[in-house]
Number of protein chains: 2
Amino acid sequence: MIRFYNGRVLRFQPELRLTEDEVWVDGGRIAYVGPARTDRPAFERQIDLKGDLLMPGFKNAHSHTAMTFLRSKADNLPLDRWLSEQVWPNEARLTDEAVYTFTKLGIMEYVSSGITACFDMYVHNDAFTAACIEAGFRAVICSGLNNFDRDVEQTERDYLKYNSLHELISFRLGIHAEYTTCMERMEYAAGLAEKYHAPCFTHLSETKAEVEGCIARYGKTPPQLLDELGFFRYGGGGYHCVHMSGEDIALFAEKGLWAVTCPGSNLKLASGVAPIEKLRKAGVKLAIGTDGAASNNALDFFREMYLVTALQKLVEGDASACPAGEVLRMACVGGAGAMGLDDCDDIAPGKKADLIVIDLCRPNMQPVHSIPDNLVYAGSKENVRLTMVNGKILYENGEFFVGEEPERIYAAGNAFIRELKK
Amino acid sequence: MIRFYNGRVLRFQPELRLTEDEVWVDGGRIAYVGPARTDRPAFERQIDLKGDLLMPGFKNAHSHTAMTFLRSKADNLPLDRWLSEQVWPNEARLTDEAVYTFTKLGIMEYVSSGITACFDMYVHNDAFTAACIEAGFRAVICSGLNNFDRDVEQTERDYLKYNSLHELISFRLGIHAEYTTCMERMEYAAGLAEKYHAPCFTHLSETKAEVEGCIARYGKTPPQLLDELGFFRYGGGGYHCVHMSGEDIALFAEKGLWAVTCPGSNLKLASGVAPIEKLRKAGVKLAIGTDGAASNNALDFFREMYLVTALQKLVEGDASACPAGEVLRMACVGGAGAMGLDDCDDIAPGKKADLIVIDLCRPNMQPVHSIPDNLVYAGSKENVRLTMVNGKILYENGEFFVGEEPERIYAAGNAFIRELKK
């Protein structure tokens, strides 16, 4: 057992609060949260928090982890040209080894930013899961079915395979996006949702052109189209949700769908700002994602959390839009909900030990008027002192414990991009 | 002498470039930049860069450093209520000791973010300069003359006093803003500009309401009004510059005035997005500031640099707006120009040794397609390995060397805010 003591604990249930409890971790789960006790077990390690903050890890609810290979390669292009000129041609050259290496690189960036799980849609899933399992990182794969896939039935085989592969891995149904997936394949995905009573996810209403194209093709917005196909019969939701009509928002609220916002990527690709404050006020369930490093270009949850609230203040013209506590809830609890990781969403006995320690003794966390506000408005990766996934420490005091040396990962990554240039 | 070797150097003259030179620092200045030499002096310290990047420090061209005392105290309010309900009443209770402490706190945050100088407008300037000098930090004070000042003539006395106080300190003329300063005092400031042939700065066109108010009062926008008063006769510029008309932009370009953008603060207070891309294309000189920690709430130049470009992509609807190299130039060279620190703007022999070392061996800086793009789009405070001001190391590997222990600064700061609550 590992004991964390002498610090503060941020908990979400029954409401956002800070306690001075200690936390014991036994294997992959939290065993005890409460005051110091005299009947202590023999701990394998005791970590003095020295007044620092222990809280649930951030859940990156939309990612393409191995896209780290394109960071700073394809800047300054709008989404359509970025996809067709840079992303797809380069992705076609990806190998299992490259996806393994760049997934490891992404995981390092995640844990250095306090992220303990990602909801990933990408290619070479065997290499991706191998990297996650070796690193000890939790991942939920989302099917990215689209018109380029040679074998449609692979989706169902993947669903069964990855949902029984390893305790750190699960798989959710989905398609890449309406604009990359024909009607027959969208209906196939909806059929799987029906067969397995499973939620379905997709890139959704990311750009104005996407929504206009869908209306031209089908006379409906992407949320309306997919809903009528039965895609959302058992829940699920959309990544991005930038261009949502009032009807789309009402549909999301009524069906209990998740809107996963990716503000950094939407800025960088000039896609727009998702109406998070309107979604929030309509009661839509919200989570946050970084998207891939090719379009962000950082995988930094402090930056995403700040952007979620700061951009709402801008577009609503209201400095009180989207308060800090709500953003923290989206980042920790919301993300876990969207990903089906309900055991990973809080610091409480029986929950999975997916947690982080935030260094409060840095200038950006001082003085202490409000810890939640400090975290969201001023927090930075420098404040992540420790990241634990499933009871295992993957990052502590700047060092990585992801199954291999960072230098090997950097060297392999740079060797691959030298090949790309040939 | 201190020798930096075995790394890369980012230089701006004659154009943005990366070299593999070594850099020698002698006292407060850079003594040599070039290939390794056999005729070496006896170095007091040799720093192996291990492939990392040495570059000019960032210049924070608009700040209210000691406003760290209000971080996360006054969130969720628009600018007018934020000033009248939170900032001014609390500032009235500031003491010399508090300004000293919270300036030190701000300096710590600056150096941990790679900032080597600030252009500060605030109160209790003796306490501010004492903290800067003790820490070894470079600061340019801007006069914040306004209607609350009891003694107008203090501005001229301050100009003479702080411009001869210490090599790390200088002083520029200015007013707080048109909306807080009566015509008589604006004319007084313009008179001093004429007398000393000196540039003048002010908060300018920060909110729509400010511009509308100025037009209602004087029939002119703030830039036009001040220009006609002779305020800009010897240069200077404006902080924020969010709501600029086409004529305002042309005026700034024609007169060679500096527009200092503060994107984080403008978002948080829902003030808007400055037209940086339009200013840039019109040839206006640009610099970047964090504003104070009460309105940002971080003093993080990586966040500001990212916002400068990402928000332009959004408002221009153009993913190619404001490329990374231009943002780096604003952050390093532009800021130095606005502040009159022309000796602090590059890595070259004879320049002041105001420089930083960026750790490239972190996951967010990998792989290496483009170092400037990695810095601007993915950089973070975790990458700041060392910050040197005037030849003295103030920050290295997470540790601060600012004249006293961080713990004393945090404790004094929190003691003061407990008093504020009484």
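## Starting from one residue

Leaving aside its neighbours within four places in sequence, which residues is A:Asn6 in contact with? The answer is A:Asp48, A:Leu49, A:Lys50 and A:Gly51. Keep in mind as you look around that this is a predicted model.

So where does A:Asn6 sit? You'll find A:Asn6 in the loop between strand S1 (2-5) and strand S2 of chain A. It counts as partly exposed, because 15 other C-beta atoms lie within 10 Å, and that falls between the cut-offs of 12 or fewer for exposed and 20 or more for buried. Now try going from A:Asn6 to A:Gly28: the two are 22 residues apart in sequence, and their C-alpha atoms are 22 Å apart in space.

Take the peptide bonds to begin with. A:Gln13 and A:Pro14 are joined by a cis peptide bond, with omega at about -5°. A:Pro14 belongs to the loop between strand S2 (8-11) and strand S3 (17-19) of chain A. Further along, another cis peptide bond links A:Gln366 to A:Pro367, and here omega is about -10°. The place to look for A:Pro367 is the loop between strand S16 (355-358) and helix H13 (371-378) of chain A.

Next come the phi angles. A:Cys241 isn't a glycine, yet its phi is positive, at about 50°. A:Asn397 is also a residue other than glycine with a positive phi, in this case near 50°. Is A:Cys241 buried or exposed? It is buried, because 29 other C-beta atoms lie within 10 Å. A:Asn397 counts as exposed, because it has 10 C-beta neighbours inside 10 Å. As for their positions, A:Cys241 is in the loop between strand S13 (236-240) and helix H8 (246-255) of chain A, while A:Asn397 is in the loop between strand S18 (392-396) and strand S19 (399-400) of chain A.

Over in chain B, have a look at helix H12 (residues 324-339) and H13(B). They pack at an angle of about 70°, and their axes are 8 Å apart. That angle is why H12(B) counts as roughly perpendicular to H13(B).

Which residues meet there? From H12(B) come B:Ala324, B:Gly325, B:Val327 and B:Leu328, and from H13(B) come B:Pro372, B:Asp373, B:Leu375, B:Val376 and B:Tyr377. Sorted by type, the residues of this contact are seven nonpolar, one polar and one charged.

## How the chains meet

Now for the meeting of the two chains: 50 residues of chain B are in contact with 49 residues of chain A. On the chain B side, at least two residues each come from helix H2 (96-112), helix H9 (263-268), helix H11 (301-316), helix H13 (371-378) and helix H14 (406-421). That side of chain B has 24 nonpolar, 14 polar and twelve charged residues.

How are the copies arranged? Rotate chain B by 180°, with 0.0 Å of shift along the axis, and it superposes on chain A with an RMSD of 0.0 Å. The two copies are therefore related as by a two-fold rotation axis. In chain B, the C-alpha nearest that axis belongs to B:Glu382, at 2.6 Å from it.

Technical notes. Residues are numbered from 1 along each chain as its sequence is written. Chains are lettered from A and ligands numbered from 1 in the order in which they are written. This is a predicted model: local features need pLDDT of at least 70, side-chain atom pairs count only at pLDDT 80 or more; totals for chains, interfaces and linings use all residues. Two residues are in contact if their C-beta atoms, placed from the backbone, lie within 7 Å. Helices (H or I, at least four residues) and strands (E, at least two) are DSSP runs, numbered from the N terminus. Ala, Val, Leu, Ile, Met, Phe, Trp, Tyr, Cys and Pro count as nonpolar, Asp, Glu, Lys and Arg as charged, and the others, Gly among them, as polar. Axes are lines fitted to C-alpha atoms, for helices over the stretch in contact, and angles run from 0 to 180 degrees between N-to-C directions. Angles under 35 degrees count as roughly parallel, over 145 as roughly antiparallel, 65 to 115 as roughly perpendicular and the rest as oblique. Copies are superposed by least squares on the C-alpha atoms of residues with pLDDT of at least 70 in both.
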